[in-house]
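I opened the model today to look up its packing and its charged pairs. My entries follow.

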Amino acid sequence: AAVHDLGRVGQPADASAQPLTGQSGVQDNDSQKDVVKVAVGSPDHTTLVAALKAAEYVDVLSNAGPFTVFAPTNAAFEKLPAGTVEGLLVPEKKNDLRNILEYHVYVGVLKPEFFQDGQSFGQVNGQNIKIGVKDGKITVNGANIIASIPATNGIIHVLDGVLLPFVRVLPNIDELDAQAPGTVRLEVGQDWRHHLARDALG
């Protein structure tokens, strides 16, 4: 279970391709934008915005927060195995998608100057990310922070890679395999990359 459930921070938006509604749809062109509006206004984050809509997390991240959002670019998502993103955007995979998105959100503001090599921070999904600092460059689980953008309700750190949470092996995996042959076996500590690739394509 997530340590901080984003669904409890505020009321989620209805997932659709329609224009933003609710708190996220409030027009405020004269002031600084919240983290969602920053992402919506970026041509490099259309995949992330589509994922937020599918997970019904648009309005949640438009609330007061504050939030630190690690935002992978479209190019970062393209590095995932073919079919992964498309497979996650279907309604049946909403929980998996939410887990991944929650791994990109920290409740609080983490400014670039605050990061130190070896730091660990607990994300909304209950798992930790690891910070690396070397030669003035900052990485998150190995992904580079290529830009940092302040927002009215937090800060966005643009990443060149997608952060993938770890999946724990289920104690009754043999029973599940018997009920659903072909279920992917997940070893303790195995990340989502292999699981998502096979699940999305199969």
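I began with Val69, which is buried at a relative accessible area of 8%. Buried means under 20% relative accessible area, exposed over 50% and partly exposed in between, with a 1.4 Å probe and protein chains only.

The model is predicted: local features need pLDDT of at least 70, side-chain atom pairs count only at pLDDT 80 or more, and totals for chains, interfaces and linings use all residues. Residues are numbered from 1 along each chain as its sequence is written, and side-chain values use heavy atoms, with hydrogens and water left out.

I placed Val69 in strand S1. Strands (E, at least two residues) and helices (H or I, at least four) are DSSP runs numbered from the N terminus.

What does Val69 contact, neighbours within four places in sequence aside? I found Val35, His104, Val105, Ile155, Ile156 and His157. Contact means heavy atoms within 4.5 Å.

Next I looked up the largest nonpolar core, which has 30 residues. Such a core is a set of buried Ala, Val, Leu, Ile, Met, Phe, Trp, Tyr and Cys residues joined through side-chain atoms within 4.5 Å. Val69 and Val35 are among the members that touch the most others. Helix H3 gives the most to this core, four residues.

Then I turned to charge. I noted two salt bridges, each a side-chain nitrogen of Lys or Arg within 4 Å of a carboxyl oxygen of Asp or Glu. Glu56 pairs with Lys94 at 2.8 Å between the closest N and O atoms. Glu56 also pairs with Arg98, at 3.8 Å. Shared partners join Glu56, Lys94 and Arg98 into one network.
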